[in-house]
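Hello,

Here is the structure I promised to hand over. Please open it first, then read my notes below.

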Amino acid sequence: MKSRLDLSAARRESRRRFLAVASALASSPFWGYPVYGQAKRDPKLPGEPFTLGVASGEPSFDGFVIWTRLAPEPITGGGLPAEAYEVDYEVAQDEGFEKIVRKGTAIASPHLGHSVHVEVEGLAPGRPYFYRFRVGDHESPVGHTKTAPALDATPDKLRFAFASCQHWESGYFTAFEHMAKEDLDLVIHLGDYIYEYAGKDGLVRKHVGKEIESLDDYRNRLAQYKTDRHLQETHRLFPWLVTWDDHEFDNDYATLISEEQGIDPNHFYDRRANSYQAYYEHMPLRRQQSPSGAFLRLYRRAPWGRLAEFAVLDTRQYRTDQPGGGRNQVPPPEATSPQSSMLGAEQERWLDRTLAASGGIWNVLAQQVMIGRIDRKIGEEFAYSMDQWPGYELPRRKLLQGLADANISNPVVLTGDIHSNWVNDLALDWEGGSAKVVATEFVGTSITSGGNGKRLAEQEAAHMTENPFLHFYSAERGYVSCTVTPTEWKSDYQAVEFVDKPGAPLITRASFVVEAGEAGAKEA
């Protein structure tokens, strides 16, 4: 049995701690608001502060978030004293900054690890911008980003890529090197941005430190990943939408339930609070995504004009415990329990409202674990992953039935987690139901997790035979590039053949299209 913590008590404790912190910091720049009497202007820093680069995210029709973190010693605590610093920023229409459209001063506060989140507003829709930061004598790299189209606009095309699962020790982030060379409007990251495990000898690269638990541990691990030049460059060039999976905190956790036995619930609560705060500190997220203790609302909508409506989901923070421990197995009775939930009641209601109100031609669920009910056993026996949606069968059916009943326009699901590529038709396929396809699921492999990828023809053929709704499977490394128009969605599965050394070439392994108005994927 997993250790458990009463959620109502946890929420009360979270609120108590949050109010105590807010009261103590009422006069400080905790949320990045300038308080000039307390923050240092033109400080002499002990080294280069922009070691983690710059990033942008959360594009809207009139703005975006720009991010950086001051960290002269990024993997050993940041290297700055517990003081606040004024950081100037500029946003321009041109890379030479001759046409500056926004500028100001934000505060890098020690309470948020000296990170800076600036929410830029009032810009023109659907156009590129450049941005940079300055502190003391130091200037950041110049970032490139763009605003989303106007809410009533239907652009001719959207180009984006999605990725997940980038284990530092398993290999080099060569996939991001190739992604940075694409002409993209957006990058979506579906989780496992970091891994929490202790450093091990003999691997491609090594984590700093033991398994991470404290706030400093999580900060150092996120910073270590962000020192990767290819990941940093992809952040610099494109706006990102991010969500987490489990390894940003702890493997296979569910709500406040550990996969391990005998875990002190209070310690587990504090550890989740540490991980959530560090995650916010290192991502280009808005203040409304800032954490309150061990709780952070990450689900949100992101429209791209009338062409696409993204619903970014969180399948970790609110789910009930995995039935049977999350293994590939015959589903136990609790897999069909009416009490089981993947999203939690509040997020479910939010998703229903968001989809019902959407005016998008394409409605995209950006989420973590596979919805397709993949049978992992060859022959008459069957087994499903209880950590994925098939372990939560009633919520899975409810989701698909809801898409059908509400006649949601062109639903597409983007999924990570599983370190392999899949293309699934999602159908109403339970007993007594129909085989009507209601959505398409594109599952992307890992950037590095699992080490060098490979293609096994026998395994691929077996998966296809066992699962007639499956169009493609591959266990290579890489990412997925998507081109979306009002009439067609195309997903290109981009693969790198090895990650244990730099320089792997990029191969477009397969391409699939979905035609508007016709659910289901076809090979291009």
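Lys and Arg count as positive here, Asp and Glu as negative, while His and the chain ends are not counted. The place of a charge is NZ of Lys, CZ of Arg, CG of Asp or CD of Glu. On that basis the protein chain has 57 positive and 73 negative side chains. The centres of the two sets lie 3 Å apart.

This is a predicted model, so local features need pLDDT of at least 70 and side-chain atom pairs pLDDT 80 or more, while totals for chains, interfaces and linings use all residues. Residues are numbered from 1 along each chain as its sequence is written, and side-chain values use heavy atoms, without hydrogens and water.

Now the fold. The protein chain has eight helices and 25 strands (DSSP runs, H or I of at least four residues for helices, E of at least two for strands, numbered from the N terminus). Buried residues make up 60% of its 524 residues (buried means under 20% relative accessible area, exposed over 50%, partly exposed in between, with a 1.4 Å probe and protein chains only).

Next, the rings. The structure holds 24 aromatic pairs. Rings of Phe, Tyr and Trp (its six-membered ring) pair if their centres lie within 6.5 Å; planes under 30 degrees apart are stacked, over 60 edge-to-face, the rest tilted. Phe160 and Phe310 are edge-to-face, because their centres are 5.6 Å apart and their planes at 90°. Phe160 sits in strand 10 and Phe310 in strand 14, 150 residues apart. Both Phe160 and Phe310 are buried. Phe442 and Trp489 are stacked, 6.3 Å centre to centre with 10° between the planes.

Best wishes
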